[in-house]
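Biologist: I have a new structure to look through. Can you put it up and walk me through the packing?
Modeller: Here it is.
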Amino acid sequence: MSHKVVVTGLGATTPIGGDVPTTWANALKGVSGIKKLEDSWVEEYQLPVYIAGRVAQDPLESGRLSKVEAKRQDPSGQLALVAAREAWADAGFSGENAEESEGVDPLRTAVSFGTGIGGVWTLLDAWDTLREKGPRRVLPMTVPMLMPNSCAAAVSMALNARAAAQTVVSACASSTEALDLGLELIRSGKADIVIAGGAEAAIHPMPLAAFAKMQALSSRNDDPQAASRPYDVNRDGFVMGEGAAALILESEEHAKARGAKIYAELAGTGVSADSYHITAPDPQALGATRALKEALEDGDIDPTTVVHVNAHATSTPVGDIPESLALHQTFGEHTKNIAVSATKSMTGHLLGGAGALEAILTVKAIEERKAPCTINLDQQDEQIDLDVVTDARELPSGEIVAMSNSFGFGGHNAVVAFRSYES
Amino acid sequence: MANKEEILEGLAEIVNEETGVETADVQLDKSFTEDLDIDSISMMTIVVNAEEKFGVTIPDEEVKNLKTVGDAVNFIENAS
C-alpha cells in the first residue's frame, strides 16, 4: 500500500532569517535580504556584479553547529546542518537525533538533500592552496567537504538517518526534486521519516563572475534591495542568495502514532525534463506544464482547489514568462484565482536551496492561510498574466492546495503540491 | 626556534581547533588515537596545520610514528 506523506517539521537559514519563524515573518513583511558585498575580492577582481543575499545569521551563532563541525563542513554543509537540526527539533522528536528519539527507527529514517553546485568554496580554496603553497598544504578533508553529497552525508551523520542518504543534483530544481524523492521513499515503504531539503553557499567571486558573464544576474549594484524584481518590466536578472532549508516528511501513520503536529500533506509531485536548451526555458513551457499536471494527478488534486503558487520566478527577463504560460496551460480559467508569490524578490535565488525554502514558505502559507509578498513589482510585465501577491494576502479557509515550482539549468522542471491537513 | 613548551602549546591549540579536545588534555604522554580519539584524517589535518605553524616538514611516512603528543613535539623540535 502507498503511504500518505505529511510535513511535520520545518527548518531554514536564509538571507531573511536564521530560522523559519524569522524568515516567514519577514516574507510576510516584504523584507529584502539583498545587500551590497563588501568583500575585498569585489574590488580585487573588479566584479561586474557585487550584490547578493548572504544568510542573515552566521551558522555558528545559530546554536545548532559546533566550531569543530563547522571546520569539517563546506559552508553549504554548515547551512544544511543548521536547517536540518531546526527541522528535527521543530518536528517534536524526543531526542536530538534518530537514535535518541522515542519511536524513531534510524534504519527507517532517510535523507534526501539537494545542492546545485556543492562545495564550491572548499574546491576553490583548495585549488588556491595548491597553487600558492603546494600539495602538502591541501587539507585532507577537502574531498569529503567538496563532494556534492556532503550535505546529505552530514545530515545523515548528525541525525543518524540510516535508511538512505541520497543527493539530488539538478541545478535550481535540486531541492524540489529532493522532495519528490523523499515522497517516494516514504510512499514505497522504505522509510517512515525523510529529512528532505537543500543547501547552497556559492557567493564566491568565481560563480558570481560566471553567472554574470552569462547575463543571468541583475547588475543593479546601486540599489541592491530593488535588484530582484520578478515579473517587473525592469527586471534584469536574478540575485544570488545562499542558505539551506529542510522539511521533515513523515508517513501519516507514523506522525499520528507519535502525536506530531502536522503542517500539511505533501500530496503530489511532478518532474519533467525539457530537452530543449541547456539554460533557456522552453518558450512553450511544455516541460513545466507536464510537471505541473503530473503533480496534480499524482496528488489526486482537483485543480480548482489550488489557491496559491510559490513561483520559480527568478527575475530574469526570459525566465519569468514561460512559467506564466505553464500555469495557464495547466489551470486554464482558474489561473486568475490563484495567488502567485515570487519570494525570490526578497531572498534572492538560493539555487539548490531554493526549492526547499519555497516549499517551506508554501507550507507556512497553508498553515497560516497567508500568501507571502512579492516585492519590487512596480509595473507588471504585460506578458505575465498572473495575480501576483504584492502585499501578504489572506488565503481561503477549508481544504486548499498550494504548489511550488522549481526549474533548473539543464531543463529540469519540478513541482510539489501541498494540501491542507485536517486531523 | 620554538622550545618544547611552546611547541606543545601550539600543537594543543591546533588539536583543539580541529577536534574540540581541550588544550589542557593535550599532554606529552597522551596517545593521539587511544587517549584523544583522533582519527587518521584529523591527524593529517593537524599535521598540515603544524607544518604551517612551525615551518617544518613532517613527511607522510613519518606520521604513523607519531603515536603520542610527545612524539610529535620531539619531531617538530628536531626538525625546526
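Biologist: How many residues of chain A count as buried?
Modeller: This is a predicted model. In chain A, 60% of the 423 residues count as buried.

Biologist: What is chain A built from, in helices and strands?
Modeller: Chain A contains 14 helices and 15 strands. Its radius of gyration is 20 Å, close to the 22 Å from the globule rule for 423 residues, so chain A is as compact as a globular protein of that length.

Biologist: And what does the C-alpha trace span?
Modeller: About 60 × 55 × 40 Å along the principal axes of chain A.

Biologist: On to the inside. Which residues have the most contacts in the largest nonpolar core?
Modeller: They are A:Ala80, A:Ala83, A:Ala84, A:Val155, A:Ile195, A:Leu247 and A:Ile360, in a core of 132 residues. Helix α14 of chain A, residues 354–368, gives the most to this core: nine residues.

Biologist: Which domains does this core draw on?
Modeller: Domain 1 (5–257) and domain 2 (269–419) of chain A each supply at least three residues.

Biologist: Take A:Val155. What is A:Val155 in contact with, leaving aside neighbours within four places in sequence?
Modeller: A:Val155 is in contact with A:Ala80, A:Leu81, A:Ala84, A:Val111, A:Phe113, A:Ala161 and A:Ile195.

Biologist: What other core lies apart from the largest one?
Modeller: One of 22 residues, including B:Phe32, B:Ile46, B:Val47 and B:Val69.

Biologist: Back to chain A. What share of contacts with a separation of 6 or more comes from residues 24 or more positions apart?
Modeller: Such pairs account for 79% of those contacts in chain A.

Notes:
Residues numbered from 1 in each chain as written. Chains lettered and ligands numbered in written order. Predicted model: local features only at pLDDT ≥ 70, side-chain atom pairs only at ≥ 80, totals over all residues. Helix = DSSP H or I, 4+ residues; strand = E, 2+ residues; numbered from the N terminus. Rg over C-alpha atoms; globule rule 2.2 N^0.38 Å. Buried ≥ 20, exposed ≤ 12 C-beta atoms within 10 Å, placed from the backbone. Contact = placed C-beta atoms within 7 Å. Core = buried A, V, L, I, M, F, W, Y, C linked by C-beta atoms within 7 Å. Domains from an automatic or database assignment.
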